[in-house]
Amino acid sequence: MEIKAALTGNPNCGKTTLFNALTGSKQRVGNWPGVTVEKKEGTYKNDPSILIQDLPGIYSLSPYSLEEVVARSYLVQEHPDVILDVVDTSNLERNLYLTTQLLELDIPVVVGLNMMDIVEDKIDLKKLARWLNAPVVEVSALKKQGLESLMKQVKNESAKKEQKPFLFSRSIEDAIGSIQRLLPETKQTRWYALKVLENDSRILEELSLSKTDQQKITKLREAIENEFDDDIESILTAQRYDFIEKLIQDCVKRKRTKHAMSVSDRIDSIVTNRFLALPIFVLIMYGIYTIAMGSTPFSIGTIGTDWANDVLFGETIPGMMGSVIQYFHINPILASLLKDGIVAGVGATLGFVPQILVLFVFLSILEDCGYMARVAFIMDRLFRKFGLSGKSFIPLLVATGCGVPGIMASRTIEQDRDRKLTIMTTGFIPCGAKMPIIGLFAGAIFGNSSLVATSAFVIGIAAVVVSGIMLKKFKAFAGEPAPFVMELPAYHFPSLSNVLHSTWERGFSFIKRAGTLILLSSIVLWFLQSFGFVNGAFAFVDDNNNSLLALLGRSLAWIFYPLGWVGDMAWKATVATFTGLIAKEEVVNTFGVLYNFGGELSEAGNEIWTLVAADFSAITAYSFMLFNLLCAPCFAAMGAIKREMNNAKWTWISIGYMCVFAYSISLIVYQLGGLLLHEVPFNFFTVVALVLLVGILYLLFRKGYSEDKSNISVKDFSLNKVRS
Amino acid sequence: MKTLDTCKPNDTIIVKKLHGTGAIKRRIMDMGVTKGTEVFVRKIAPLGDPMELNIRGYELSIRKEDASKIEVE
């Protein structure tokens with residue numbers, strides 16, 4: 001018979017390490033339905049009949065955070081056979097707080113005391129087990145000790161089917177008893193009764209009690225609140241912690257005096273020091289950036305990516321493909337699909353894998369050792385003004401290399417709102433692939449001025465800041481207050497298996513996407529580029545100027561008329577924008593093709609500079625550049641947005657927002673800039689530009705929805721808010 | 001009324017009452033900041049916010065805005 005064990009515990013309690021140690025490679029990773037919370041399950045490697053469901057790391061079973069709601073719905077609705085509660089011994093008080101709540105679910109609980117080896121305090125396990133009415137097993141997830149006896153207890157306990165709860169004071173227990181009698185008979189009546197007493201809006205909604213019952217319950221609640229002169233949530237929380245304090249006095253012999261500096265505190269006194277924190281942070285970021293994406297001899301990420309792009313997908317695979325095509329006499333159209341469509345498109349994406357892997361090794365180390373929480377601590381003040389989190393710095397920095405790992409790095413941000421905003425704005429940062437676009441126009445139009453690249457960065461950062469401020473005022477973002485009450489976990493050595501696991505998970509999800517979404521979009525774009533009408537007949541075309549894509553470009557060029565894309569360049573610019581969706585450097589290659597340049601183009605397209613200069617004025621060039629820097633990112637980045645949002649609506653909102661924002665900014669710059677330079681006459685779109693500008697200023701300075709945050713009562717947190 | 005956000009590094013104080021409502025208040029309590037708890041102010045972040053507290057044997061970071069809802073003595 002299969003045993004379902006739910007693995008629970010606080011964040012940073014070593015739960016992930018334990019899960020990896022227990023399941024080995026037998027894991028399935030996904031998402032909980034409809035939310036961005038990661039779902040992992042696996043079977044115990046020594047006994048496949050035990051299925052371990054890893055629940056999100058939580059501090060409580062309150063109804064307020066997504067993770068907590070996910071965890072408690074699983075525990076109540078799926079009713080696992082046993083709860084395996086991982087407790088960090090070095091932080092016993094707060095960890096046991098969750099345990100007191102788990103004991104109420106009427107599911108057998110087994111407590112795994114993790115990190116006993118690093119704690120100096122003496123703990124009496126037998127006494128602790130008696131206090132909790134649950135078996136307590138000493139384990140070390142890191143050293144893989146005690147796992148077998150832990151799992152033996154899990155198996156034993158799963159047969160019991162019941163659990164003695166932790167008891168509150170007399171009057172509260174009486175109230176719980178009275179409420180229990182009002183509720184329908186279920187397995188977990190006590191838990192439901194307690195939640196009803198707590199005024200938990202979700203549970204009240206689920207139960208839909210009668211008016212008279214509700215009144216009875218309110219009376220019971222008010223009696224208790226009067227007795228203790230506090231609100232019910234505070235009373236219950238305080239009683240749990242009081243119980244834990246007594247338990248600790250009885251079971252634990254403290255060695256360390258209160259507030260004494262531990263090793264971790266000493267590290268922190270330097271790392272988050274008032275003067276040293278920022279320099280150290282900059283140094284660490286610079287180091288990681290250099291090794292993963294820089295262009296020094298130690299930049300193993302870049303070396304790997306260059307090799308993948310130039311050798312693997314530049315020569316080896318196309319070469320092999322060429323021989324295969326020759327050998328089998330493959331039809332030239334099919335050959336073109338394979339070479340120009342699939343290998344070029346998927347290769348352009350897979351080429352980033354080395355950089356992504358190197359980067360994620362470092363990010364996983366930072367996360368696992370505890371530094372990531374300090375990053376949020378140090379940067380929080382700066383970033384929350386833009387509706388972002390302190391941790392948003394890392395995605396933005398990484399995005400200067402490549403937006404894909406940047407967007408994926410947003411996963412370390414706990415708050416849903418901050419994460420969404422970070423995902424939506426990370427694509428604005430000029431990535432490595434956008435540099436050739438900047439190079440082309442800086443060279444062709446602006447006399448190679450370095451101001452062009454600088455302005456691109458300034459505008460990218462401004463776009464993030466402006467978007468953050470505008471968007472955070474919308475109800476969709478302001479509606480979910482994100483308390484920044486965060487634990488700074490003690491530093492510890494990162495575990496190799498955790499780092500490898502999390503790097504591999506992220507890397508693999510990227511590779512998988514290259515095989516699906518990016519493959520498909522490459523094929524579609526190849527088709528549009530390779531077919532067209534020649535002399536009225538639909539045929540395979542060699543000359544891109546006759547392709548369906550060119551046709552599409554010509555018929556859609558009017559959209560960009562207000563941005564100053566007029567005359568013959570309009571359709572070329574439109575086509576280049578579309579091909580930029582494969583990879584942004586394609587923009588330059590496309591211009592090469594469209595200007596009929598035969599040979600191999602250098603990176604910034606020096607060979608076509610004069611032709612480009614003839615077609616673009618300074619202001620149209622800038623408008624084109626701006627639009628391409630800010631609009632929808634490449635397919636790979638869009639795939640990353642979809643993966644991290646895990647929600648079709650939000651993916652489209654993000655991409656749509658970027659396009660609209662890019663369009664508005666380019667329009668304003670072209671129309672108003674052109675007017676000032678006497679290049680563009682006053683016209684209808686000048687008015688549009690002014691309206692857009694006023695609109696943006698209004699959105700920036702209006703009073704945000706967040707102003708009312710403090711007035712949102714508990715009742716306003718309906719189910720659909722967290723679901724959305 | 002003295003609130004937590006006005007405390008200086010190395011201050012040791014006792015929580016008197018939690019004001020405010022909803023998610024943030026509950027989260028602060030869940031993290032162990034309850035009536036009568038002893039709190040040691042470890043430091044203030046380099047940019048002046050948030051603050052780092054030592055409570056129940058671990059380090060907790062909290063924004064001053066939220067700390068202003070915590071009455072201490």
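The C-alpha centres of domain 1 and domain 2 of chain A lie 32 Å apart. Domain 1 of chain A covers 3–158, and domain 2 of chain A covers 277–432 + 447–514. These bounds come from an automatic or database domain assignment.

This is a predicted model: local features need pLDDT of at least 70, side-chain atom pairs count only at pLDDT 80 or more, and totals for chains, interfaces and linings use all residues. Residues are numbered from 1 along each chain as its sequence is written, while chains are lettered from A and ligands numbered from 1 in the order in which they are written.

Between the two domains of chain A, 9 residues of domain 1 are in contact with 9 residues of domain 2. Contact means that the C-beta atoms, placed from the backbone, lie within 7 Å. On the domain 1 side, helix α1 (residues 15–23) of chain A gives the most, with 3 residues. Helices (H or I, at least four residues) and strands (E, at least two) are DSSP runs, numbered from the N terminus.

Chain A also touches chain B. The contact takes 33 residues from chain A and 33 residues from chain B. The elements of chain A that each supply at least two residues include α3 (92–102), α10 (232–251) and β10 (485–487).

Two sides by residue class:

β10(A) pairs with strand β4 (residues 58–62) of chain B in the antiparallel sense over 3 bridges. Pairing requires at least two DSSP bridges between the strands. Glu487(A) has Leu60(B) in β4(B) as its bridge partner.
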